[in-house]
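My notes are below the display.

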Amino acid sequence: MLKKILKITGITLLILIILLFSAPILFKDQIIEKVKKSINESVAADVNFSDVDLSLLRNFPNASVRLTDFKIINKAPFQGDTLVSIGEISLKMSISELFKSENEPIVIQSFATENGVVNIRYNKDGISNFDIALKDESEKDDKESKPLNLSIDNYEIKNYKITYTDERSGVFAKIDSLNHSGIGDFASEKLDLETKTSAKITAGMNKDTYLNNVAFGLDAVLGLDLKNSLYQFKENKAKINQLELNFDGSLAMKENQQIYDLTFSTLTSDFVNFLALIPEKYSGNLKDVSTTGKLVLKGFAKG
């Protein structure tokens, strides 16, 4: 009897392992087409990716989903422009999430993405290239949308490049070598998000460059009130080149406006670190200037 039970158990486990290995292969094409169809029915853009890798064993009992060569290509009036290009997106979730109905929110435990390029543009008419969500005319204004249910252990963004161009004002900016990670439970309406960020920043207006490839770092705890769209800076430490800054305050996103109340101050720093922030247009006049002493800087932004 014991041998029979062990034999049945062994066969059952073997079948289960075979299914875990073969399911991603057997249903791969269906998964790819379903994901592409769902995305493209939701946006006014062409969304595509080269491959989907679904593994039920890599993080068992969680499932791992990996998309490669993900792209969003704009339609008119930015026809053919690449809005987003991402080398790889990886998601981790419970296997049971793969079998939910279309109306049920999927709980994602963690995600990672790397080698991304994001191009944000406003044309001369003030139209943005990222407003690609299709409008549902039948949807009533008072109808509440279901919240996205994220129970994230951690997330990570590696090696991103983000460009911003506003043809109306001439303002341009580029964030290069962006690396960002965070830990927070987005299933809660209120949470503290622990983040680490590093990047290099270039910014200017028209033909004048005010920041040129300036190193930026930020370790911060952000208090998020998702229900009321209120965001608070808590424990944080920023660094621009060698100039260290502290931020405090809040930012509230209202229907037709943004309300911000921010203060910032530097830790005591050598004055030469401040000179590194002077726009490139004027920095040539300071190449032979020698400096000594310390700098303390304080300021606020409110409105």
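Entry 1, ground rules. I am reading a predicted model, where local features need pLDDT of at least 70, side-chain atom pairs count only at pLDDT 80 or more, and totals for chains, interfaces and linings use all residues. Residues are numbered from 1 along each chain as its sequence is written, and side-chain values use heavy atoms, with hydrogens and water left out.

I looked up pLDDT (the predictor's confidence in each residue, from 0 to 100). The protein averages 76, and 66% of the residues score at least 70. Confidence is lowest in helix α1 (residues 2-26), with a mean of 45, and highest in strand β7 (residues 171-183), at 93. Helices (H or I, at least four residues) and strands (E, at least two) are DSSP runs, numbered from the N terminus. I note that low-pLDDT coordinates should not be read in detail.

I find β1 (residues 45-48) paired with β3 (residues 62-74) in the antiparallel sense over four bridges; pairing requires at least two DSSP bridges between the strands. Valine 47 stands opposite isoleucine 72 in β3.

I count eight, by the rule of a side-chain nitrogen of Lys or Arg within 4 Å of a carboxyl oxygen of Asp or Glu. Arginine 121 pairs this way with aspartate 81, the closest N and O atoms being 2.5 Å apart. Arginine 121 lies in strand β5 (residues 108-122) and aspartate 81 in the loop between β3 and β4 (82-94), so the pair ties together parts 40 residues apart in sequence. Asp81, Arg121 and Glu167 are linked in a network of salt bridges.
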